[in-house]
Amino acid sequence: MAYTLIGKDFTPPDVRAKVTGRAKYAEDIRAEGMVFARLLTSPVPHGRVNNIDASEALAMEGVIGILTADDEGPTVY
Amino acid sequence: MLTHTVRGQAIRTIEGLEGPNGEFHAVQQAMIDELGPQCGFCTPGQVMSAVGLLESNPSPPREEVRQALAGNLCRWGAYDHYLNSVMRAASA
C-alpha cells in the first residue's frame with residue numbers, strides 16, 4: 001500500500017509558524033463578544049455540595065452568570 | 001533576567017529575526033529541517049537563545065549549546081531536537 005506521508009520526508013505545515021513566533025495558541029484567540037469562564041473548584045477533597053450561593057458573584061460587575069452541574073448544557077461525553 | 005535590567009537597550013525578539021524579505025535565520029531553517037519544535041510554545045525562546053549563543057560562538061561544542069539552552073524549558077521534552085537543530089545551524 002502506498003502511503004502519502006508515512007516513510008516520506010515532509011515538513012509539517014505548522015513548523016514555519018512555530019519558528020517565526022507566528023503560531024497562535026488557544027490562549028491567543030480573542031473574538032468579538034467573547035466571554036471568559038473560571039472554574040471554581042472544591043476546597044476540600046471528597047466533599048459533597050449541599051448548596052451553592054452565588055448571589056455575591058452574580059452581583060459583581062462583569063459577571064454574566066454561573067454554570068453548575070444542574071444547568072442544561074451541551075452534551076458532556 | 002529582569003526586564004528593567006535591560007532598560008534602554010536594543011531588544012531583539014523572534015519577530016525581528018527574519019531577513020527583510022522573510023529569509024529565515026540559519027537557526028530557524030535548521031529547526032525546520034530538524035523538526036525541532038513539537039507544540040512550538042517554547043520555540044521562540046529556544047531560537048533566540050541559540051541566536052545569542054551562535055553570535056558569540058559560531059562553532060560551539062554540543063555541551064556548550066546544551067548549557068546555552070538550559071534556561072528554555074520544554075513541557076514536551078523536545079530538548080534533544082532543539083539541540084540537534086542548533087548543532088545543524090552551527091555547521092551550516
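How much space lies in the second largest pocket? About 190 Å³ lies there, in a predicted model where local features need pLDDT of at least 70, side-chain atom pairs count only at pLDDT 80 or more, and totals for chains, interfaces and linings use all residues. Residues are numbered from 1 along each chain as its sequence is written, and chains are lettered from A in the order in which they are written.

A pocket here is an open set of points on a 1 Å grid over the protein atoms alone, where a 1.4 Å probe fits, with protein on both sides within 12 Å along at least five of seven lines; lining residues have an atom within 4 Å of a point. The second largest pocket is lined by Met1(B), Leu2(B), Thr3(B), Val6(B), Gln9(B), Ala10(B) and Ile11(B). The largest pocket has a volume of about 980 Å³. Among its 24 lining residues, Arg38(A), Leu39(A), Leu40(A), Ile66(A) and Leu67(A) are the closest to its centre.

Between the chains, 15 residues of chain B are in contact (heavy atoms within 4.5 Å) with 10 residues of chain A. The buried area, meaning the accessible area (1.4 Å probe) lost by two parts on being put together and summed over both, is about 1100 Å², with 67% from carbon and sulfur atoms. Glu18(B), Ile32(B) and Leu35(B) supply 36% of what chain B buries against chain A, more than any other three residues.

Glu18(B) also forms a salt bridge (a side-chain nitrogen of Lys or Arg within 4 Å of a carboxyl oxygen of Asp or Glu). Its partner is Arg22(A), with the closest N and O atoms 3.0 Å apart.

Definitions and conventions: Side-chain values use heavy atoms; hydrogens and water are left out. Grid points are joined across faces, edges and corners, and a volume is the space filled by probe spheres set on the points.
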